[in-house]
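Subject: Handover of a structure and notes on it

Dear colleague,

I am handing over to you the structure shown below. Please look at it before reading the notes that come after it.

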Amino acid sequence: DRTRARRRRRQVMKRACTPVDGILLLDKPAGITSNRALQEVKRAWGACKAGHTGSLDPLATGLLPLCFGEATKVSGFMLTADKSYWAQIRLGVVTTTYDAAGEIVQTRPVAITRAQLQAAIAALVGDLEQVPPMFSALKQQGQPLYKRARAGITVERMPRRIRIYRAELLNFSGDIVEVSLHCSKGTYVRSWAYDLGESLGCGAHIAALRRTGLGRFDVERAIPLSLATSRRPVEMLLSLDEALGDLPSLVLPAAAARKVQQGQAVYVGPSAAAANAIRLYDESRVFLGIGQADDGWIRAKRLCAVDVTGGKSVEAVGSGG
């Protein structure tokens, strides 16, 4: 049957795949899902295992880190990173999805001044309670919200705590607003634009969106999809520990490194500052994975099976503290 056929195809593909380890900073184009972009690169490289670090809407473009092989083990640490966006917002029109891909549900006249707009933007900076949009991948009772939304069902969503570190007005002309945002994980820029429109009394939606930064990475380093699928991965991949360069690091003595790799906790003394996540290296500067430091004890959290430092030393990739 179809299930068995799919299983056989996956087994064949797994046997024929190529081990690829590292992180690609992809510049996702508009019009496709993050998963489709991931699958196109994975297929072009014949990679065995891959995943992305937080999806972008089909309408959105910009920075989408893709993790391959051993890098998928620590992709969760990148999901918590802050993000930056450029957004074009159209005032006076509300849509079902809070962006230009949705159906128009309401139009209102736009009669606001630049000063009013700046005041409304300033009020949406800081710690906020944000209600996620119905058209989102968040699950409620095991089902993504967007499936209910497509069926015409609206359910109550619990607000989530987010933080807008910075919101800068770049341009305002007619009913078009351009802003630059720096925000915490879990922020829906579509919901932020919707809230801005409601506070102004005219409504709004996202007309265009581009992720310009994620953690320590900038979109200027990202590779276009057409280029990523036409070159060898070795030419574009970042080492795994470079992506985690903001975390503190620790070089373990040989005996301690072996114990950590065997899943044992090791005591290294008070020199190891408490940290929920710390990069671990052996004496040869080979990246071992992520550990946790507490009261001088080191415990493994996510270990790597291969050397993914690309031959770089701890100093070369940055110690992070």
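The notes below describe what was found, topic by topic.

This is a predicted model, in which local features need pLDDT of at least 70 and side-chain atom pairs count only at pLDDT 80 or more, while totals for chains, interfaces and linings use all residues. Residues are numbered from 1 along each chain as its sequence is written, and side-chain values use heavy atoms, with hydrogens and water left out.

**The disulfide**

A disulfide is a covalent bond between the sulfur atoms of two cysteines. Here the term is applied to a pair of cysteine sulfur atoms within 2.5 Å. The structure holds one disulfide. Its partners are cysteine 17 and cysteine 48, with 1.9 Å between their sulfur atoms. The link of cysteine 17 and cysteine 48 is right-handed, with 95 degrees about the S-S bond. Cysteine 17 sits in the loop between α1 (2–16) and β1 (22–28), and cysteine 48 in the loop between α2 and β2 (50–52), so the pair ties together parts that are 31 residues apart in sequence. The helices (H or I, at least four residues) and strands (E, at least two) named here are DSSP runs, numbered from the N terminus.

Are the two partners buried or exposed? A residue is called buried under 20% relative accessible area, exposed over 50%, and partly exposed in between (1.4 Å probe, protein chains only). Cysteine 17 is buried because its relative accessible area is 17%, whereas cysteine 48, at 35%, counts as partly exposed. Cysteine 67 takes part in no disulfide; the nearest cysteine sulfur, that of cysteine 304, is 11 Å away. Cysteine 67 is buried, with a relative accessible area of 1%, and cysteine 202 is buried as well, at 2%.

**The largest pocket**

Rolling a probe the size of a water molecule over the atoms shows where empty space is left. On a 1 Å grid over the protein atoms alone, a cavity is a set of points where a 1.4 Å probe fits but cannot get out, whereas a pocket is an open set with protein on both sides within 12 Å along at least five of seven lines; lining residues have an atom within 4 Å of a point. The largest pocket has a volume of about 1,000 Å³, the volume being the space filled by probe spheres set on the points, with grid points joined across faces, edges and corners.

Which residues lie nearest the centre of the largest pocket? They are Ser55, Asp57, Ala137, Tyr188 and Arg190, out of a lining of 34 residues. Two or more lining residues come from each of α2 (34–45), β4 (83–91), α5 (145–150), α6 (189–200) and β12 (204–214). By type, the lining divides into 15 nonpolar, eleven polar and eight charged residues. In this count Ala, Val, Leu, Ile, Met, Phe, Trp, Tyr, Cys and Pro are nonpolar, Asp, Glu, Lys and Arg are charged, and the others, Gly among them, are polar.

Threonine 97 is placed in the loop between β5 (93–95) and β6 (104–107). Threonine 97 counts as buried because its relative accessibility is 10%. Its side chain is joined to that of aspartate 99 by a polar contact of 2.4 Å. Such a contact is a pair of N or O atoms within 3.5 Å; within protein, one must be able to donate a hydrogen and the other to accept it, and residues adjacent in sequence count only if both atoms are side-chain atoms. Not counting residues up to four places away in sequence, threonine 97 touches Gly102, Phe135 and Arg190, where contact means heavy atoms within 4.5 Å. Arg190 is also one of the residues nearest the centre of the largest pocket.

Tyrosine 98 lies in the loop between β5 and β6 and, at 13% relative accessibility, counts as buried. Phi of tyrosine 98 is near 70 degrees, a positive value in a residue other than glycine.

Serine 180 belongs to strand β11 (residues 176–183) and counts as buried at 16% relative accessibility. A polar contact of 3.1 Å joins its side chain to that of arginine 166.

Aspartate 295 is in the loop between β18 (287–294) and β19 (297–303). At 64% relative accessibility, aspartate 295 counts as exposed, and its phi is near 55 degrees, a positive value in a residue other than glycine.

Yours sincerely
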